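This report walks through one protein model in stages, from its cores and sheets to a few individual residues. Please keep the sequence and the structure in view while you read.

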Amino acid sequence: MSRPFPVALLAALLAAPAIAAQQPARARGIRGVTVDAASGMAVAGAHVDALVERSRTEAGADGAFTLTVAPGDTLLVRVIGYRPVRVAAPLTDAPITIRLEPTPLRLGEIVVTTSRRPERAGETPTPVTTVSAAEIRATAAASVDRVLAQIPGIQLLPSQPTGADLSIRGIDGARVLVLQDGEPTAGALLENRDPSRLSTAGLQRVEVVKGPLSALYGSDALGGVVNLVTRDPSGPLALGAEARFGDAGRREAHADAESGGHRIAMRIDGAWREDRRVPSISSATSALARVWDLRGTLRASASSALHLRADGSFLRERQRWQVSSD
């Protein structure tokens, strides 16, 4: 008489490991925290992805997170301001700490206001249009009016007898404030702000704010504000000079000297330009416009809390044009 039961039991015991090996491994939950690698403080809002299990979560305010992962899974952690990082999922139930390396962020430009308090462009309450020194050189503009003519929303109107007047969104004349390093330019008291007389020599950038800003800058800023920012003296003693020639009798020359010491810094810019065209006169025979421009700044640091600054400028202009057909 045969006994098949022990034989069947023995075969089932031998096949059990093979059946268990064929079954897929089960996913499990893990815990962790995201921290700053330099300070060790928690990083909130980090996105944690399990690449194999395809699960996702977000770290809380304390940097803690819980995620379902598969055996041998890989975690991808991303958050703004830090470099993305990949780490292997832990094999135990112990919490994992993921250290994130900060990445440098590109911040906005620093602008100058009449309060002389530097502010980033993204933090100002009104948008600021900035023309950099590289853009000024690209336009080859000898005077500020030719730089402003390239900005949308700004028009240059002829003024009598000659010259140019700024108009921002239809408001012109004395209701457009023109500043140089945060101070009113020459001619503000006489309501004669002629940008064609202002040289681009030594300019670092031109800032334009369009729209009414009387609450910040006074009644002269009803149409907008134009701020001319000159370069700060820096580095050892340096001398520079350049000359340009063009059509219509255009000739220009510029020379500068600067020295940026620890206690005393200075910069001097001198420019001369001549053109066979007179501002606001489109057609004139035997016309001539010649401008000499000299600008200087001297800065001294008496202490860490006391800084002195003196600025001076000189401008001489000559114009000639035919007033009648005779």
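A nonpolar core is a set of buried Ala, Val, Leu, Ile, Met, Phe, Trp, Tyr and Cys residues joined through side-chain atoms within 4.5 Å. The model discussed here is a predicted one.

## The nonpolar cores

The largest nonpolar core has 18 residues, and those that touch the most other members are Leu 148, Ile 154, Leu 166, Val 206, Val 208, Val 226 and Leu 228. At least two residues of this core come from each of the following elements: helix H3 (144-148), strand E12 (164-168), strand E14 (176-180), strand E16 (203-210) and strand E17 (224-230).

Which residues does Leu 148 contact, once its neighbours within four places in sequence are left aside? Its contacts are Ile 154, Leu 166, Pro 195, Val 206, Val 208 and Val 226.

## The chain as a whole

The protein chain contains four helices and 22 strands. Of its 326 residues, 35% are buried. When contacts between residues at least 6 apart in sequence are considered, 54% of them join residues at least 24 apart.

Strands of a sheet pair through backbone hydrogen bonds, either parallel or antiparallel.

With E14, strand E17 runs parallel, and five bridges join the two; here Val 178 has Val 226 of E17 as its bridge partner, while Gln 180 stands opposite Leu 228 in E17. With E16, by contrast, strand E17 pairs in the antiparallel sense over seven bridges, and Leu 203 stands opposite Thr 230 in E17.

Is strand E17 mostly covered or mostly uncovered? Seven of the seven residues of E17 are buried, and the strand is mostly covered. In a regular strand the side chains alternate between the two faces of the sheet. In E17 both faces are covered, with Gly 224, Val 226, Leu 228 and Thr 230 buried on one side and Val 225, Asn 227 and Val 229 buried on the other.

## The antiparallel sheet

A further open sheet consists of five strands in the order E18-E19-E20-E21-E22, and the pairing is antiparallel. Strand E18 (238-245) and E22 are at the edges and have a single partner strand each, so one side of each is left without a neighbour in the sheet. From one strand to the next, the twist averages 5°.

The pairings can be taken in the order of the strands. E18 pairs with strand E19 (residues 251-260) in the antiparallel sense over eight bridges, and Gly 240 stands opposite Asp 256 in E19. Strand E20 (residues 264-275) pairs with strand E21 (residues 288-301) in the antiparallel sense over 12 bridges, and Ile 264 stands opposite Ala 300 in E21. E21 then pairs with strand E22 (residues 307-320) in the antiparallel sense over 14 bridges, where Leu 288 has Arg 320 in E22 as its bridge partner. E21 and E22 form a hairpin, and five residues lie between them.

## A charge over a ring

How many aromatic pairs does the structure hold? The number of such pairs is zero. An aromatic ring does, however, take part in another kind of arrangement: the charged end of Arg 316 sits over the ring of Trp 292, at 5.0 Å from the centre of that ring.

Glu 58 belongs to strand E3 (residues 55-58). Why does Glu 58 count as partly exposed? Its relative accessibility is 47%, and residues count as partly exposed because they lie between the cut-offs for buried, under 20%, and exposed, over 50%.

Leaving aside neighbours within four places in sequence, Glu 58 is in contact with Gly 45, Ala 46, His 47 and Ala 64. Glu 58 and Val 79 are 21 residues apart in sequence, and their C-alpha atoms are 9.7 Å apart in space.

Note on methods
Residues are numbered from 1 along each chain as its sequence is written. This is a predicted model: local features need pLDDT of at least 70, side-chain atom pairs count only at pLDDT 80 or more; totals for chains, interfaces and linings use all residues. Side-chain values use heavy atoms; hydrogens and water are left out. Rings of Phe, Tyr and Trp (its six-membered ring) pair if their centres lie within 6.5 Å; planes under 30 degrees apart count as stacked, over 60 as edge-to-face and the rest as tilted. A charge sits over a ring if NZ of Lys or CZ of Arg is within 6 Å of the ring centre and within 35 degrees of the ring normal. Two strands pair if DSSP finds at least two bridges between them. Buried means under 20% relative accessible area, exposed over 50%, partly exposed in between (1.4 Å probe, protein chains only). Contact means heavy atoms within 4.5 Å. Axes are lines fitted to C-alpha atoms, for helices over the stretch in contact, and angles run from 0 to 180 degrees between N-to-C directions.
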